Amino acid sequence: MARRGYVQLVNGFYDNDKIRDLVRMGRADSVGVYCMALSLCGDRLTDGFVPRRAMLSNIGATPEQVQALVDEGMLEEVEEGWLIHDYTAHNRTKEQVLHARADAKERKSKSRCHNTVTAVSQRDMRVTSGQTPEHQNSASQVLYMDVASQSHPGSLNLAASLNSMSFNIGIAVGSAVGGLVNAHLGLMWLGPVGAIFLLCAVGTTTLLRPFAARERDFYAKQQA
């Protein structure tokens with residue numbers, strides 16, 4: 001199966017002097033051979049080289065058709081085949097094509113990773129019960145998923161599960177502590193104790209940020 005790609009055929013190809021000469025000589029079939037040879041070079045990335053075997057078997061050209069193209073200067077006979085005249089002047093070289101494919105693959109990989117992180121984060125926010133929207137977008141959750149996507153992109157599902165689990169554990173612990181505070185100290189102490197938990201969360205996130213930054217830099221250097 002042919003790879004995706006293309007070769008260029010200028011708009012004025014039909015009006016080219018060499019093409020018109022071939023048609024006048026009754027060698028329009030050679031023009032078809034030339035177009036098939038272009039396609040073969042673009043598919044196999046040969047930079048304009050047409051192997052003798054490919055010309056005669058894959059394209060099915062006759063010696064007379066090929067010779068007509070050689071006589072017009074559209075093909076140049078070389079060892080083991082022919083070269084299409086000025087092929088690389090109008091079409092991309094093998095090196096350029098492979099470089100473009102590598103760039104496209106890298107962009108696609110980055111896009112897929114970004115979409116996966118976004119989807120997992122959104123799913124994690126949906127399944128995390130008992131939280132207000134403000135809690136769902138907390139800095140600790142964003143930091144956690146950011147570090148996971150950078151350092152362990154293959155374990156995002158596990159990271160999302162642990163993220164949800166940690167929030168549910170936090171809700172359970174908070175409920176238990178709130179019940180104890182209400183039972184022993186009274187309802188008025190729920191706010192101050194909650195503020196202490198909030199300060200602990202802010203402090204933990206602040207302390208972890210430098211470690212997360214170093215982690216991101218480390219894996220970024222490895223990927224580079």
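Among contacts in the protein chain between residues at least 6 apart in sequence, those that join residues at least 24 apart account for 65%. The model is a predicted one, and the mean pLDDT of the protein chain is 81, with 75% of its residues at 70 or more.

**Confidence**
- The stretch of residues 127-137 has a pLDDT below 50, and in the model it makes 16 contacts beyond near neighbours in sequence.

**Elements and surface**
- The secondary structure of the protein chain consists of 10 helices and three strands, and from the N terminus on these elements follow the order α-α-β-α-α-β-β-α-α-α-α-α-α.
- Of the 224 residues in the protein chain, 26% are buried.
- The accessible surface of the protein chain is about 15,200 Å², and carbon and sulfur atoms hold 59% of that area.

**Strand pairing**
- Strand E1 (residues 49-51) runs antiparallel to strand E3 (residues 81-84), and the two are joined by three bridges.
- Strand E2 (residues 75-78) is also antiparallel to E3, to which four bridges join it.
- Trp 82 in E3 is the bridge partner of Val 50, and Trp 82 is likewise the bridge partner of Glu 77.
- The hairpin of E2 and E3 has two residues between the strands, and within this hairpin Glu 80 takes a positive phi near 70°.

- In soluble globular proteins, nonpolar side chains tend to be buried together.
- In this model the largest nonpolar core has 23 residues, and those with the most contacts inside it are Tyr 34, Val 50, Met 55, Ile 59, Leu 69, Leu 75 and Ile 84.
- Two or more residues of this core come from each of helix H1 (17-24), helix H2 (28-44), helix H3 (52-58), helix H4 (63-71) and strand E3, and H2 gives the most, with seven residues.
- Val 50, which is listed among the core residues with the most contacts, is also the residue that has Trp 82 of E3 as its bridge partner.
- Leu 75, when its neighbours within four places in sequence are left aside, is in contact with Met 55, Val 66, Leu 69, Val 70, Trp 82, Leu 83 and Ile 84.
- Among these contacts of Leu 75 are Met 55, Leu 69 and Ile 84, which, together with Leu 75, are named among the residues with the most contacts inside the core.

Conventions. Residues are numbered from 1 along each chain as its sequence is written. This is a predicted model: local features need pLDDT of at least 70, side-chain atom pairs count only at pLDDT 80 or more; totals for chains, interfaces and linings use all residues. Side-chain values use heavy atoms; hydrogens and water are left out. pLDDT is the predictor's confidence in each residue, from 0 to 100. Contact means heavy atoms within 4.5 Å. Buried means under 20% relative accessible area, exposed over 50%, partly exposed in between (1.4 Å probe, protein chains only). Accessible areas come from the Shrake-Rupley method with a 1.4 Å probe; for residues, only the protein chains shown count as cover. Two strands pair if DSSP finds at least two bridges between them. A nonpolar core is a set of buried Ala, Val, Leu, Ile, Met, Phe, Trp, Tyr and Cys residues joined through side-chain atoms within 4.5 Å.
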